Amino acid sequence: RPIDVDIYHGKTRKRLDVVVVASLVDKIPNLGGLARTCEIFNIGAMTIASDKVLNDNGFLTAASSAERWIPLIVIPPVNVKEFVISYKKMGYTIVGLEQTQNSVEIKKYQFKEKIVIVLGNEKEGIPQELIDLIDHCVIIPQYGEVRSLNVHVSAAIMIWEAVNCILGNK
């Protein structure tokens with residue numbers, strides 16, 4: 001579980017009970033940007049595939065020191081399924097950011113705390129074995145010709161919506 005209270009430099013704060021699963025994201029700048037986004041919006045934790053990214057200049061530049069503040073959980077891609085199942089057993093709602101037949105438009109979805117947000121790989125998206133575990137898939141309406149947004153941009157929009165729902169701003 002993510003830690004509920006972080007203590008850094010004498011400051012204490014309670015984080016939102018939201019976990020962002022980014023272990024399938026393989027582009028280092030996207031991971032750094034996601035860490036920064038998660039930290040800015042007080043997300044409980046974010047998963048990464050390997051702690052090796054913490055030494056990558058592309059990650060560090062995009063994260064802009066967020067890696068010091070956001071709880072990061074190392075979950076290799078082969079263990080993501082078990083990780084998601086464990087949170088589902090703890091009563092978390094599993095929400096995927098993916099285009100499926102049953103996806104709900106992001107503005108119509110009511111995010112609640114105790115959620116796990118699953119992000120897919122930049123090219124393949126979320127694998128079917130994980131789609132089968134997801135309670136709800138959410139999509140961001142698109143009006144142009146390009147099929148999808150960058151995973152970090154999409155995740156940032158989703159996190160913004162989730163935080164606003166959880167905090168009662170929506």
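Which residues of the largest nonpolar core touch the most other members? The views below begin with that core. The structure is a predicted model, in which local features need pLDDT of at least 70 and side-chain atom pairs count only at pLDDT 80 or more, while totals for chains, interfaces and linings use all residues. Residues are numbered from 1 along each chain as its sequence is written, and side-chain values use heavy atoms, with hydrogens and water left out.

**View 1. The largest nonpolar core and its contributing elements.** M46, F111 and L119 touch the most other members among the 35 residues of this core. Two or more residues come from each of strand 3 (16–21), helix 1 (28–40), strand 4 (43–48), helix 2 (57–63), strand 6, strand 8 (115–118) and helix 5 (151–166). Helix 5 gives the most, with eight residues. Apart from this core lies another, of 18 residues, including V21, L24, Y92 and I94. A nonpolar core is a set of buried Ala, Val, Leu, Ile, Met, Phe, Trp, Tyr and Cys residues joined through side-chain atoms within 4.5 Å. Helices (H or I, at least four residues) and strands (E, at least two) are DSSP runs, numbered from the N terminus. In soluble globular proteins, nonpolar side chains tend to be buried together.

**View 2. The surroundings of L119.** With neighbours within four places in sequence left aside, L119 is in contact (heavy atoms within 4.5 Å) with V20, V21, A22, L24, V25, L34, L97, I126, V151 and A155.

**View 3. S103 in the loop between strand 6 (93–97) and strand 7 (104–105)**. S103 is buried, with a relative accessible area of 16%; buried means under 20%, exposed over 50% and partly exposed in between (1.4 Å probe, protein chains only). A polar atom of the S103 side chain lies 2.7 Å from the backbone oxygen of E98, and a polar atom of this side chain lies 2.8 Å from the backbone nitrogen of T100. Not counting residues up to four places away in sequence, S103 touches E98, C137 and I139.

**View 4. R15 in the loop between strand 2 (11–14) and strand 3**. The relative accessible area of R15 is 3%, so R15 is buried. A polar atom of the R15 side chain lies 2.9 Å from the backbone oxygen of I43, and the backbone oxygen of W69 lies 2.7 Å from a polar atom of that side chain. R15 and E98 are 83 residues apart in sequence and 25 Å apart in space, C-alpha to C-alpha.

**View 5. The largest pocket, with a volume of about 460 Å³**. Of the 23 lining residues, L97, E98, E122, S148 and L149 are the closest to the pocket centre. Strand 9 (136–139) and helix 5 each supply at least two residues of the lining. By class, the lining has eight nonpolar, nine polar and six charged residues.

View 6. At 25% relative accessibility, S65 counts as partly exposed. K114 counts as partly exposed, at 31% relative accessibility.

Conventions:
Polar contact = N/O pair within 3.5 Å; in protein donor to acceptor, adjacent residues only side chain to side chain. 1 Å grid on protein atoms, 1.4 Å probe; cavity = no way out; pocket = protein on both sides within 12 Å on 5 of 7 lines; lining within 4 Å. Points joined across faces, edges and corners; volume = space filled by probe spheres on them. Nonpolar A, V, L, I, M, F, W, Y, C, P; charged D, E, K, R; others polar.
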